[in-house]
Amino acid sequence: MTTTTALITGANKGIGLATARQLGARGMTVLVGARDAARGREAADKLRAEGTDARFVPLEVTDAASVAAAAGLVEREYGHLDVLVNNAGIIRADGAGLPSETTLDSLREVYETNVFGVVAVTNALLPLLRRAPAARIVNVSSEVGSIGVMTDPEGALFALTSVPYPSSKTALNMVTAMYAKELRDTPIKVNAANPGYCATDLNHHSGFRTPEEGAEVSVHLATLPADGPSGLLWGYQMDAGGGYGVLPW
């Protein structure tokens, strides 16, 4: 029987770990991508103790050698990849978070992980995703990357002005749309996930949704049926009073 494999970047904690746990509960072999070896192994050990077939994969998405090594490991051990969840992300803000206070160093650092890292990992693993019967790529984005949401004067996020993180997610949304276009004639589906404002280390646990609730979005997109959508930003709809659905770009 062919193993169904899922690689999640940044899977040692938060939404990434919750995503690994939920995909593992569906019978997938979960590859726990993490840049911190100790934390990655600990997360994989925890998942195995819970009954999930989990393995730690060293993966620093901003390091080309690390990305290549991770792709090589997946190819040697499994020969293909069914699900890629680009979950790793960072947030930075300067001063009061105003655009005029943004430093290029912060902007570059955020884009290296949130945008360039996603492209690097996806390109390295795409040959293995093509070998799967019907692979799924999920890019974990955010409603703050939606220009429609962020420019709505009546919306809950209108007051937010920070540049690095929101603009990186806007760029990620376009990256998602372009991969979906390239792969539109294949069984592979590519979508961006909006987990909503979840309590994680990223926001000092200030979110009102749990990591488990946020992971539901990625898991849904990672397990879409053959007639499911591709090229969408989908997930929690804060301004629509909750629930899940398509968000504007």
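This note walks through the sheet, the helices packed on it and some salt bridges of a predicted model.

1. **The sheet as a whole.** Start with the strand order. Eight strands form an open sheet, and they run β3-β2-β1-β4-β5-β6-β7-β8. The pairing is mixed. At the edges are β3 (54–58) and β8 (244–246), each of which pairs on one side only. Neighbouring strands of the sheet are turned against each other by 20° on average, with direction ignored.

2. **A word on pairing.** Strands of a sheet pair through backbone hydrogen bonds, and they do so either parallel or antiparallel.

3. **Strand β4 and its neighbours.** Look at residues 83–86, which make up β4. On one side, β4 pairs with strand β1 (residues 5–8) in the parallel sense, over three bridges. Ile8 has Val85 as its bridge partner in β4. Strand β5 (residues 136–140) also pairs with β4 in the parallel sense, here over four bridges. Opposite Val83 stands Arg136 of β5.

4. **Two covered faces.** Are the side chains of β4 buried or exposed? Val83 and Val85 point to one side, Leu84 and Asn86 to the other, and all of them are buried. Both faces of β4 are therefore covered, given that buried means under 20% relative accessible area.

5. **The β8 end.** Now move to strand β7 (residues 233–236). Three bridges join β7 to β8, and these two strands run antiparallel. Trp234 stands opposite Val246 in β8.

6. **Helices on the sheet.** Helix α3 (residues 64–77) packs on the sheet and touches β2 (29–34) and β3. The direction of α3 makes about 145° with that of β3. Helix α6 (residues 164–182) packs on the sheet too, touching β5, β6 (189–194) and β7. Its direction makes about 160° with that of β6.

7. How many salt bridges does a search of the whole structure find? The count is eight. One of them joins the side chains of Glu60 and Arg35, at 3.7 Å from N to O. This pair links distant parts of the chain: Glu60 sits in the loop between β3 and α3, while Arg35 sits in the loop between β2 and α2 (37–49), 25 residues apart. Arg35 counts as exposed, because its relative accessibility is 61% and the cut-off is over 50%.

8. **A pair within one helix.** Asp45 and Arg48 form a salt bridge, with their closest N and O atoms 2.2 Å apart. Both residues lie in helix α2, three residues apart, so about one helical turn separates them. Asp45 is partly exposed, with a relative accessible area of 41%. Arg48 is partly exposed as well, with a relative accessible area of 41%.

9. **A helix-to-strand pair.** The side chains of Glu77 and Arg55 meet in a salt bridge of 3.5 Å, N to O. Glu77 lies in helix α3 and Arg55 in strand β3, so the pair ties together parts that are 22 residues apart in sequence. Glu77 is partly exposed, with a relative accessible area of 45%. Arg55 counts as partly exposed at 29% relative accessibility.

Conventions. Residues are numbered from 1 along each chain as its sequence is written. This is a predicted model: local features need pLDDT of at least 70, side-chain atom pairs count only at pLDDT 80 or more; totals for chains, interfaces and linings use all residues. Side-chain values use heavy atoms; hydrogens and water are left out. Buried means under 20% relative accessible area, exposed over 50%, partly exposed in between (1.4 Å probe, protein chains only). Two strands pair if DSSP finds at least two bridges between them. Axes are lines fitted to C-alpha atoms, for helices over the stretch in contact, and angles run from 0 to 180 degrees between N-to-C directions. Contact means heavy atoms within 4.5 Å. A salt bridge is a side-chain nitrogen of Lys or Arg within 4 Å of a carboxyl oxygen of Asp or Glu.
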